[in-house]
Amino acid sequence: MKKIMKWVIGIAVIIMFSFLYAHIAKTHILYDNRIDTSKYMGTGVLSGKIEQKFVSEEDYLDGITIKCSIQGAPADSTVKISLKDDETGKIVAKSKLKLKDIKNSKFNVFRFDRISECKGKTYTLYVENPDGDVEKTLGVGFSYEPNGNNVDGTLIAKTVTNRFDMETFCVVLLFVLYIVFFVKFLYRLFK
């Protein structure tokens, strides 16, 4: 009876660990990830706004993550984003990051209050660096994927949704069970 209780408690702990671990910030890319990253271009210090349209794949959105690059060292520079619902024409989310919080040449998360009922809706993302100095190349630039010979392209960005992910849950659960049974097998093998 004690052995069965140990197994039940052990399996319950493994399932609980996997369940908690599977609550992640799920991302969906807005660009074509099959293109070699060496083909990405940089905007240089941003003047004006960048626009990027996308269709949401999730029921709700909690943020956008964008690949940013710092140009020079502007002390108080900020990057602002806003998200417009194309159906209503209203700005539904805003966020900003100060330069000191931006990681150079990495994806940076712009968090905002959760937007609900997003699945299948078209949004326009606006990105700007209002206090960047183009002439002195002080500010923040962004990476994009060019569309052929055109100057326009697709911003290297992803949507962020904080939620439970079944795929992560299954992978973690199977991995932990594999480790447990593998260690048990080795223990019996060398006993």
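**View 1. Cys-170 and Cys-68, two cysteines.** Cys-170 is partly exposed, with a relative accessible area of 35%, while Cys-68 is buried at 0%. In these legends, buried means under 20% relative accessible area, exposed means over 50%, and partly exposed lies in between (1.4 Å probe, protein chains only). A search of the whole structure turns up 0 disulfides, a disulfide being a pair of cysteine sulfur atoms within 2.5 Å. Please keep in mind that this is a predicted model, where local features need pLDDT of at least 70, side-chain atom pairs count only at pLDDT 80 or more, and totals for chains, interfaces and linings use all residues. Residues are numbered from 1 along each chain as its sequence is written, and side-chain values use heavy atoms, with hydrogens and water left out.

View 2. Strands (E, at least two residues) and helices (H or I, at least four) are DSSP runs, numbered from the N terminus. Leaving aside neighbours within four places in sequence, Ile-66 is in contact with several residues, including Ile-81, Phe-107, Phe-110, Leu-155 and Ala-157; contact means heavy atoms within 4.5 Å.

**View 3. Asp-62 and Arg-114, a salt bridge between strands.** The side chains of Asp-62 and Arg-114 meet with N to O at 2.9 Å. Asp-62 lies in strand β4 (residues 61–71) and Arg-114 in strand β7 (residues 106–115), so the pair ties together parts 52 residues apart in sequence. Asp-62 is buried at 8%, whereas Arg-114 is partly exposed at 43%. A salt bridge here is a side-chain nitrogen of Lys or Arg within 4 Å of a carboxyl oxygen of Asp or Glu.

**View 4. Asp-85 and Lys-121, a strand-to-loop pair.** In this salt bridge the closest N and O atoms are 3.5 Å apart. It links distant parts of the chain, with Asp-85 in strand β5 and Lys-121 in the loop between β7 and β8 (122–128), 36 residues apart. Asp-85 is buried, at 4% relative accessible area, and Lys-121 is partly exposed, at 22%.

View 5. Asp-86 and Lys-53 form a salt bridge of 2.9 Å, N to O. The partners are 33 residues apart: Asp-86 sits in the loop between β5 (78–85) and β6 (91–98), and Lys-53 in strand β3 (residues 49–55). Asp-86 is partly exposed at 26%, while Lys-53 is exposed at 51%. The structure holds 7 salt bridges, and Lys-26, Glu-58, Arg-163 and Asp-165 are linked in a network of them.

View 6. About 890 Å² of patch is made by Phe-175, Tyr-178, Ile-179, Phe-182, Val-183, Phe-185, Leu-189 and Phe-190. Patches are made of residues with over 30% relative accessible area and no salt bridge, where like charges are joined within 9 Å and nonpolar side chains (Val, Leu, Ile, Met, Phe, Trp, Tyr) within 5 Å. Phe-182 belongs to helix α2 (residues 166–189) and is partly exposed at 37%.

Terms used: Accessible areas come from the Shrake-Rupley method with a 1.4 Å probe; for residues, only the protein chains shown count as cover.
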